[in-house]
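Here is a short briefing on one protein model.

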Amino acid sequence: MTGYGKSEVTSGNHKYTVEVRSLNGKSGDVSLKSSLLPRDKDLEFRQYVSKALVRGNIDIFLTSETVRSSSARQIDRSLFQDYFRQICDIASSMELDPREDFMSSMLVSSVLRLPDVVSAEKEELSDEDVAAIGEALHEAVEALKAFRAREGAVLRNDLLTRVDNIEHILAEAEAFEAERVPAVRQRILARMEEMALAPDHDRLEQEMIFYLEKLDVNEEKVRLRQHCRYFRDTMDNEECPGRKLGFIAQEMGREINTLGSKSNHAGMQKCVVRMKDELEKIKEQVLNVL
């Protein structure tokens, strides 16, 4: 979802630079940081960027630079005279002669640097300028989309690797199932012997089966594998899968947590911890997916 694009265009006496930056965001929040554009075009450009980039906190920077000046800057005569008179009075009070050539040139130079003495006439954007800026914006947006595409390819490979890792770890956890149920059964029987209990054999078997059924994790394994397949299909078949991938990752987390609560085996619990670690990395990366 992050990206950066830049384009420059020259129109008339000005060079316009358009920069577009996008950061992660839940929706499309577009901010145009410039006062050059008229309000109607401001809204039009925002809508274009929002539609083109879909999601993210998007900032648009538009700056203008004068290529060549078509007219001289204007000096405010009355303001200049007022400043100059005040400075001369101050110089005279300090026993300085403002009529000396050196002092006079210094005073003139100082006055010209004071605020609002020299100003340039503000030029309104022509239709050609607006069209040129629009083209530059389009190029900057396309550059940002290309940036996103390159980053997306890297993210896709990383996410697929993480999902594969979860499935591999799940297969490792299955290897402990053969010893898990007998171990639980033996632990219960050993505890009953310690307490010198003599239960009814048939009733004990019924209760044992009922208890061991609660520890069965077959449904969780099936659902987790299904979520992994759905995660891959969503990445391959949807244009903007970011939000859906986040929801799928949440469902994967529920199945992994249930596996952990039912495992009742040190080896399986270690596998669950490793799957949770991979899933957290998936959740972090999904935030970058459009």
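**Salt bridges and burial**

D59 is buried, at a relative accessible area of 15% (buried means under 20%, exposed over 50%, partly exposed in between; 1.4 Å probe, protein chains only). This is a predicted model: local features need pLDDT of at least 70, side-chain atom pairs count only at pLDDT 80 or more, and totals for chains, interfaces and linings use all residues. Residues are numbered from 1 along each chain as its sequence is written, and side-chain values use heavy atoms, leaving out hydrogens and water.

**D59 and R21**
- D59 pairs with R21 in a salt bridge, with the closest N and O atoms 2.8 Å apart (a side-chain nitrogen of Lys or Arg within 4 Å of a carboxyl oxygen of Asp or Glu).
- D59 sits in strand β4 and R21 in strand β2, 38 residues apart (strands are DSSP E runs of at least two residues, helices H or I runs of at least four, numbered from the N terminus).
- R21 is partly exposed, at 35%.

**E174 and its partners**
- K221 meets E174 in a salt bridge at 3.1 Å, N to O.
- K221 lies in helix α7 and E174 in helix α4, so the pair ties together parts 47 residues apart in sequence.
- K221 is buried at 9%, whereas E174 is partly exposed at 27%.
- E174 also forms a salt bridge with R225, at 3.0 Å between the closest N and O atoms.

**S263**
- S263 is found in helix α8 (residues 242–263).
- Its relative accessibility is 0%, so S263 counts as buried.
- The S263 side chain reaches the backbone oxygen of G260 at 3.0 Å.

**Whole chain**
- The protein chain has 9 helices and 6 strands.
- Buried residues make up 33% of its 290 residues.
- The whole structure holds 22 salt bridges.

Methods. Polar contact = N/O pair within 3.5 Å; in protein donor to acceptor, adjacent residues only side chain to side chain.
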